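Biologist: I am new to this protein and would like to learn how to read it. Could you walk me through some features, one at a time?

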Amino acid sequence: MIVLEAEECGLGPSGRNGGFVHGYWSHLPRLHERFGEKGALAVTRAGDRIIPGIRDFCEHHEAEVWLREGGMLRVSAAPAQDAAVEGEVEAAREFGVPDEAVLLEGEALAERIRSPRFRKGAFMRDGATVQPARLVRALRRAVLACAPVHEHSRVTTIDDGRVETARGRVRARDVVVATNAAAAGWKPLSRRLTVFGSYVVLTEPVPELLEQIGWTGGEAVFDGRMFLHYFRTTNDGRVLMGSGSGPIGYGGRLDSRFTKDAATGARAERGLRRLLPGLADARVTHSWGGPIDVSSDHLPFFGTVPGTRIHYGAGYSGHGVGPSWLGGQILARLAQGVDDELTRLPLVTRRVPKLPPEPLRRLGGGLVRASIMACEEAEEEGRRPSLPARAGAALPRLLRMSVGTR
Ligand SMILES: Cc1cc2nc3c(=O)[nH]c(=O)nc-3n(C[C@H](O)[C@H](O)[C@H](O)COP(=O)(O)OP(=O)(O)OC[C@H]3O[C@@H](n4cnc5c(N)ncnc54)[C@H](O)[C@@H]3O)c2cc1C
């Protein structure tokens with residue numbers, strides 16, 4: 001095996017994400033809608049291997065990645081978000097697994113985290129956090145111990161059995177393409193992926209403020225928005241707040257809007273101040289962002305380009321830290337020609353709906369994004385969203401498309 005990496009392993013989103021790790025119980029309503037009951041359960045059960053898999057990796061390689069298994073909490077921060085939380089709980093109940101999403105209200109919710117903004121929550125045991133840069137460095141070390149890794153070797157051409165970089169070419173029976181958002185510019189996947197930006201802010205260490213709001217259990221929290229806020233604590237007592245509301249891309253172009261968009265960083269900070277007023281005195285010390293590879297149904301997909309041995313995995317849609325572990329298992333099987341329960345998952349076998357071509361995708365996606373964001377802002381402020389915003393936000397439902405980071 002040879003790894004070709006355009007920059008340095010970990011400079012991509014894997015080294016700078018929010019560090020939420022989970023499988024698929026928190027996607028149960030969407031999985032059910034897309035894959036039916038049997039398919040949804042197969043994916044959620046496969047996802048149950050993710051956290052133990054990462055835990056085993058860390059133990060085996062003595063990697064200290066700040067893995068904290070504190071579960072995941074979805075909170076509603078406006079009346080319009082209640083349905084998202086209730087939907088998680090209802091889906092788990094319908095599937096006969098009520099412990100996978102437990103409704104928390106009043107004191108039970110405040111025991112996890114106290115905020116005057118939170119109305120209700122769904123607690124999911126399937127959730128953990130890591131320090132992503134530590135994890136990615138440990139992964140890099142583990143790969144270097146068993147295979148050549150060529151960094152600063154951007155692949156420019158992919159053919160069956162051969163890939164080229166500016167500095168040379170590699171022949172290989174099987175080629176695996178796992179380039180995240182960059183895959184949106186690769187012809188075989190270009191109609192199935194679009195790119196959004198996701199941004200985070202990080203506070204100074206504030207362990208005493210976390211004590212005051214009772215947020216000491218390490219829960220990974222996200223809200224009921226479509227362009228969601230995601231927030232967590234770190235082992236050194238900081239709070240990370242992310243916003244999945246970054247700019248939408250054009251084709252596969254990965255420009256500076258995905259790393260230098262001050263407006264989305266500011267939205268993440270506004271989310272911090274609004275959602276957690278108890279942290280008003282916490283100074284923000286860092287802010288950064290990156291691109292996410294969003295598929296048309298917000299679920300990842302894996303496969304092989306027809307008639308070739310070129311395998312691909314993409315579409316993690318902003319939720320790839322844990323799922324890329326599962327993706328690695330699937331891609332290894334595809335390359336080795338293994339046919340088993342993982343390669344038969346709907347993540348591999350389904351037809352991924354195509355996205356509209358450019359420039360329609362960017363224009364339509366941009367309109368819908370702006371409309372949904374305007375609605376979500378208004379709903380949080382207790383205002384009725386304007387008619388144009390409501391009309392724009394309704395488009396994806398009418399066209400049966402998914403937009404947002406949820
Ligand atoms: C700010 C932010 C916060 C996020 N938070 C979370 C979170 O909390 N939880 C979660 O689950 N997900 C989160 N995500 C998404 C998550 O980071 C990704 O889904 C995940 O890291 C994808 O892993 P990957 O290995 O597919 O991609 P990457 O880590 O991006 O790796 C792909 C690699 O391919 C390389 N590459 C690209 N093109 C080429 C080429 N032509 N030749 C050679 N190499 C190439 C890149 O340099 C890169 O190193 C977040 C993303 C961002 C940006």
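Modeller: We will go through salt bridges, the ligand and some backbone angles.

Modeller: Please keep in mind that this is a predicted model.

Biologist: Let us begin with charged pairs. How many salt bridges are there?

Modeller: The idea is to look for a side-chain nitrogen of Lys or Arg within 4 Å of a carboxyl oxygen of Asp or Glu. Here the count comes to 30 salt bridges. One of them joins R74 and E88, with the closest N and O atoms 2.9 Å apart. R74 sits in strand β3 and E88 in helix α3, 14 residues apart.

Biologist: Are R74 and E88 buried or exposed?

Modeller: The cut-off for buried is under 20% relative accessible area. R74 has 5% relative accessibility, so R74 counts as buried. E88 is buried too, because its relative accessibility is 4%.

Biologist: Which residue forms a salt bridge with R140?

Modeller: R140 pairs with E151, and their closest N and O atoms are 2.9 Å apart. R140 belongs to helix α5, while E151 is in the loop between β7 and β8, so this pair ties together parts 11 residues apart in sequence. As for burial, E151 is buried at 15% relative accessibility, whereas R140, at 31%, counts as partly exposed.

Biologist: What does the salt bridge between R225 and E377 tie together?

Modeller: Their side chains meet at 3.6 Å, N to O. R225 lies in the loop between β13 and β14, and E377 lies in helix α10, so the bridge connects parts 152 residues apart in sequence. R225 is buried, with a relative accessible area of 6%, and E377 is partly exposed at 26%. Salt bridges can also share partners: R225, R274, E376, E377 and E380 are joined into one network that way.

Biologist: Now the ligand. Which residues come nearest to the ligand?

Modeller: Of the 28 residues around the ligand, E5, S14, G18, N180 and V321 come nearest. A polar side-chain atom of E5 is 2.6 Å from a ligand oxygen. Backbone atoms take part as well: a polar one of A6 is 3.0 Å from a ligand nitrogen, and a polar one of V321 is 2.8 Å from a ligand oxygen. The protein covers 89% of the 990 Å² of accessible area that the ligand has on its own.

Biologist: What kinds of residues make up the shell around the ligand?

Modeller: The shell divides into 12 nonpolar, 13 polar and 3 charged residues. Strand β16 gives the largest share, 3 residues.

Key. Residues numbered from 1 in each chain as written. Predicted model: local features only at pLDDT ≥ 70, side-chain atom pairs only at ≥ 80, totals over all residues. Heavy atoms only, no water. Helix = DSSP H or I, 4+ residues; strand = E, 2+ residues; numbered from the N terminus. Buried < 20%, exposed > 50% of the residue type's maximum accessible area, 1.4 Å probe, protein only. Near = heavy atom within 4 Å. Polar contact = N/O pair within 3.5 Å; in protein donor to acceptor, adjacent residues only side chain to side chain. Areas by Shrake-Rupley, 256 points an atom, 1.4 Å probe, with all protein chains shown as cover. Nonpolar A, V, L, I, M, F, W, Y, C, P; charged D, E, K, R; others polar.
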